[in-house]
Amino acid sequence: MQLPKDATGHSPLASVSIILPVHNAEQWLDECLASVLQQDFEGTMELSVFNDASKDKSRTIIEKWKVKLEDSGISVVIGGHDSPSPRGVGYSKNQAIAQSTGSYLCFLDSDDVMMPQRVRLQHEAAVQHPTSIIGCQVRRDPPDSTERYTRWINQLTSDQLLTQVFTSHGPTVIMPTWFCSRAWFSHVGPFDEGGRGVPEDLLFFYEHLRKGGGVFRVDHKLLLYRYHLYATTHSVLEMTIWIHRVHFLEERVLPRWKSFTIWNAGKQGRRLYRSLTAASRRKVVAFCDVDENKIRKGVYCHEDSQERPKPKVPILHFQAAKSPFVICVKLQAIVSIPATHHPAPALGPG
């Protein structure tokens with residue numbers, strides 16, 4: 001059944017707008033759009049699609065589903081361009097949001113599939129947490145493609161959703177699961193439109209935290225989250241993510257500390273030390289580790305430093321080290337930390 005029109009001939013404002021950027025997604029679009037149709041949310045829904053210069057059959061598939069969705073009472077807004085090159089995910093999301101009307105925004109990637117209760121459950125959470133980004137647990141496809149990452153997505157505690165924002169995994173609720181109010185998005189956004197290679201989700205997430213936003217996860221697997229070689233994520237260099245993470249750590253945490261210890265005297269810990277500003281490096285009182293070979297070295301000398309004499313930092317056994325810590329190890333390697341130690345947010349590879 002079609003939604004009734006208002007006096008101007010437009011459909012009334014939707015309660016929830018599903019934000020769907022599309023670029024060459026013909027392989028997944030049918031299943032993705034079918035999952036929009038299958039939502040059990042009883043409020044008004046709208047699908048806002050922005051086609052970012054797709055050269056495949058994406059546009060035809062979208063037009064086909066527009067009829068099906070509108071026959072079911074879901075209004076569909078389609079925007080896009082056919083330039084030779086795509087403008088990128090950040091631009092496409094911003095355009096899809098700008099042309100939409102919903103009081104709440106539900107973000108969806110064109111290669112993913114929503115479970116029928118996703119919009120309903122996340123909308124309920126967003127009403128209760130109006131200044132939070134609402135995420136959810138996911139089911140990975142293929143199931144064994146990123147087991148440790150998937151476990152991290154699904155098992156973080158409510159406290160860890162805020163303390164682990166510095167890890168290499170990026171936002172503690174992943175972008176394809178985001179749901180938030182339009183008012184809050186407008187307060188924080190828009191997305192960075194730098195295009196390919198820019199982690200627009202991470203930059204938005206950090207700005208969200210700067211402005212006092214919360215992070216909440218609905219503990220149901222509401223999204224089939226696909227892993228494949230064509231995913232936009234692969235275009236972002238690890239070094240780019242690293243630089244943003246270190247800058248955010250220096251902005252949000254290190255100013256509160258007079259000194260700190262880096263937990264890991266190996267490659268990652270030394271990399272963090274070298275990446276810090278000179279002022280932050282001077283706060284590092286020690287490295288700590290459990291590896292006797294590293295501890296026996298006794299000291300780390302920053303050979304590339306322009307300072308004279310070159311900085312030398314002690315390497316201690318973790319039981320002799322003093323908090324606070326910046327932890328630069330894989331997360332499952334720190335399952336046993338003495339209660340007398342109070343580690344800082346992890347910065348390691350996760």
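**Helix pairs, strands and burial**

Modeller: Here's one to start with: the axes of helix α1 (residues 26–37) and helix α2 (residues 58–71) come within 10 Å and cross at roughly 15°. Keep in mind that this is a predicted model.

Biologist: So what do we call the orientation of α1 relative to α2?

Modeller: The axes of α1 and α2 cross at roughly 15°. Angles under 35 degrees count as roughly parallel. That makes α1, relative to α2, roughly parallel.

Biologist: Which way does α1 pass α2, in a left-handed or a right-handed crossing?

Modeller: Going by the fitted axes, which come within 10 Å, there is a hand to assign. For α1 passing α2, the crossing is right-handed.

Biologist: And how many nonpolar residues does the contact of α1 with α2 have?

Modeller: From α1 come Glu26, Leu29, Asp30, Leu33, Ala34, Val36 and Leu37, and from α2 come Ser58, Ile61, Ile62, Lys64, Trp65, Lys68 and Leu69. Sorted by class, the contact of α1 with α2 has 4 charged residues, 1 polar, and a nonpolar count of 9.

Biologist: Which residues in α10 are met by α9?

Modeller: α9 passes α10 in a right-handed crossing. On the α9 side the residues are Glu238, Met239, Trp242, Val246 and Leu249, and in α10 they meet Gln268, Arg271, Leu272 and Ser275.

Biologist: On to the strands. What is the bridge partner of Phe287 in β12?

Modeller: Strand β10 (residues 284–289) and strand β12 (residues 312–317) run parallel, joined by 3 bridges. Within β12, Phe287 has as its bridge partner Ile315.

Biologist: And which residue in β12 is the bridge partner of Cys301?

Modeller: Strand β11 (residues 299–301) is joined to β12 by 3 bridges, and those two run antiparallel. The β12 partner of Cys301 is Lys312.

Biologist: What about Gln319, buried or exposed?

Modeller: Gln319 lies in the loop between β12 and β13 (325–327). Its C-alpha atom is 8.9 Å from that of Asp289, 30 residues apart along the chain. Gln319 has a relative accessible area of 58%, and the cut-off is over 50%. So Gln319 is exposed.

Biologist: Then Asn51: buried or exposed?

Modeller: Asn51 is in strand β2 (residues 45–52). Not counting residues up to four places away in sequence, Asn51 touches Val22, Arg59, Gly79, Gly80 and His81. With the cut-off at under 20%, the 8% relative accessibility of Asn51 counts as buried.

Biologist: How many residues of helix α8 are buried?

Modeller: Helix α8 (residues 200–210) is largely enclosed by the rest of the structure. Its buried residues pack against α3 (89–98), β6 (132–141), α6 (160–163), α7 (182–188), β8 (214–226) and α9 (238–252). Of the 11 residues of α8, the buried number is 8.

Biologist: And how many residues of α3 are buried?

Modeller: α3 is mostly covered, with Gly90, Tyr91 and Ser92 among the buried residues. Those buried residues pack against elements including β1 (16–22), β2 and α8. Of the 10 residues in α3, the buried number is 7.

Biologist: Last one: what share of the protein chain's residues count as buried?

Modeller: The protein chain has 12 helices and 14 strands. Of its 350 residues, the buried share is 53%.

Terms used: Residues are numbered from 1 along each chain as its sequence is written. This is a predicted model: local features need pLDDT of at least 70, side-chain atom pairs count only at pLDDT 80 or more; totals for chains, interfaces and linings use all residues. Side-chain values use heavy atoms; hydrogens and water are left out. Two strands pair if DSSP finds at least two bridges between them. Helices (H or I, at least four residues) and strands (E, at least two) are DSSP runs, numbered from the N terminus. Axes are lines fitted to C-alpha atoms, for helices over the stretch in contact, and angles run from 0 to 180 degrees between N-to-C directions. Angles under 35 degrees count as roughly parallel, over 145 as roughly antiparallel, 65 to 115 as roughly perpendicular and the rest as oblique. A crossing is left-handed if the near helix is turned anticlockwise from the far one by less than a right angle, and right-handed if clockwise. Contact means heavy atoms within 4.5 Å. Ala, Val, Leu, Ile, Met, Phe, Trp, Tyr, Cys and Pro count as nonpolar, Asp, Glu, Lys and Arg as charged, and the others, Gly among them, as polar. Buried means under 20% relative accessible area, exposed over 50%, partly exposed in between (1.4 Å probe, protein chains only).
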